[in-house]
Amino acid sequence: MIVYREFSSLSTDLGFSRKALYGVSYNTSRHYRPVSIPKGNGDFRQLHVPDDFLKAIQKQIACKLLPLEEISPYATAYRPGGSTKINAAIHIGKPVVVKLDIRHFFDHILYSMVKEKAFPAERYSESNRILLSILCVYNDCLPQGAPTSPAISNIIMKDFDNAIGKWCVERGINYTRYCDDMTFSGDFEPSSLISCVRTELKKLGFFLNDKKTTIVRQGQRQQITGIVVNKKLDIPSDYKRKIRQEIYYCEKFGVPSHLEITAPDKSEKEYLACLLGRINYVLSVERQNSLFKRYKATVQGFIKTLSEGDAS
């Protein structure tokens, strides 16, 4: 097992000096800035984003140290090979789908939890544990926006995931967790499941967001992390409809004219990159969708023309 008892080995692997690491740790709050991003329901999500220097340190921690700790196979986000597609695939065609949400997930992951689970005593000296934990938290909790936070959240949730997964396996229920979104599927009575999850979460100091508890049965649209799973993996029709509409207007009136009406503050290059990303997302789930393959070629043509114009 790799251990970090001496500071020198930690400093060498992270690539930062004692002065740099401790200098940042003395006042981490001044290395963050608040950022608000819009949510689908019209509210805003508050992030705390580290500056370039702290972010560089956190990226090294995320790359070199956090992979040393185990995470549960039930966690499908923030891991190699994880994706919304992987998260949804196990739940295809099930009689009942239950979706549960952890309220203020990152805000309830505290310094003490990070120190205990992400930087355990059997691997790190006490001084190294304290230093690393301080470098990964903001105002005593895990900051959304820090590159270390996603991996730490999976480490924190390992025992919970495994306990809930074992409970579900014994009852023929499928379980996955994508960040703070938990999904269960099968043929079962939801009330006992919800009670069990609520109890296990409370042991960690977490709570269910009851407003987001959703029970979806066959005959209703069963959508998990943005993907419909009633019969096979499908992107929701309204998502694809919007892309079709945008392609139509871009082809008919040209990209600049379309942007003048719909998004005058966006550059043509930025818009096309975003549109191509959304098309690629559809194709990552619906690989044989010939219409969206054509859309991809169309947008790539727009991008090529724009690049050639910039070069001339």
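**An open sheet, its helices and a pocket**

In this predicted model, four strands come together as an open sheet, lined up in the order β4-β5-β3-β6, with antiparallel pairing. The edges belong to β4 (174–178) and β6 (214–217); each has just a single partner strand, so one side of each is left without a neighbour in the sheet. Ignoring direction, neighbouring strands are turned by 15° against each other on average.

With β5, β3 pairs in the antiparallel sense over six bridges. Within that pairing, V98 sits opposite F184 of β5, and L100 sits opposite M182 of β5. Strand β3 also pairs with β6, again in the antiparallel sense, this time over four bridges. Here V97 has V216 of β6 as its bridge partner. Five of the six residues of β3 are buried, which is why this strand is largely enclosed by the rest of the structure. As for side chains, in a regular strand they alternate between the two faces of the sheet.

Helices come into the picture too. Helix α8, made of residues 158–169, lies across β4 and β5 and runs at about 160° to β4. Elsewhere, helix α5 (residues 111–118) has M113, V114, K115 and A118 as its buried residues. The cover over those buried residues includes α6, α7 (149–156) and α9 (190–204).

Helix α6 (residues 126–136) turns up again in a crossing with helix α1 (residues 7–14): their axes come within 10 Å and cross at roughly 35°. On the α1 side the contact involves F7, L10 and L14, which meet N128, L131 and L132 of α6. Sorted by class, this contact has five nonpolar residues, one polar residue and no charged ones.

Strands β3 (96–101), β5 (181–186) and β7 (223–224) are the elements that give two or more residues to its lining. In total, 13 residues line this pocket, with K99, D181, K212, Q223 and T225 lying nearest its centre. By class, the lining splits into three nonpolar, five polar and five charged residues.

Notes. Residues are numbered from 1 along each chain as its sequence is written. This is a predicted model: local features need pLDDT of at least 70, side-chain atom pairs count only at pLDDT 80 or more; totals for chains, interfaces and linings use all residues. Side-chain values use heavy atoms; hydrogens and water are left out. On a 1 Å grid over the protein atoms alone, a cavity is a set of points where a 1.4 Å probe fits but cannot get out, and a pocket is an open set with protein on both sides within 12 Å along at least five of seven lines; lining residues have an atom within 4 Å of a point. Ala, Val, Leu, Ile, Met, Phe, Trp, Tyr, Cys and Pro count as nonpolar, Asp, Glu, Lys and Arg as charged, and the others, Gly among them, as polar. Axes are lines fitted to C-alpha atoms, for helices over the stretch in contact, and angles run from 0 to 180 degrees between N-to-C directions. Contact means heavy atoms within 4.5 Å. Buried means under 20% relative accessible area, exposed over 50%, partly exposed in between (1.4 Å probe, protein chains only). Two strands pair if DSSP finds at least two bridges between them.
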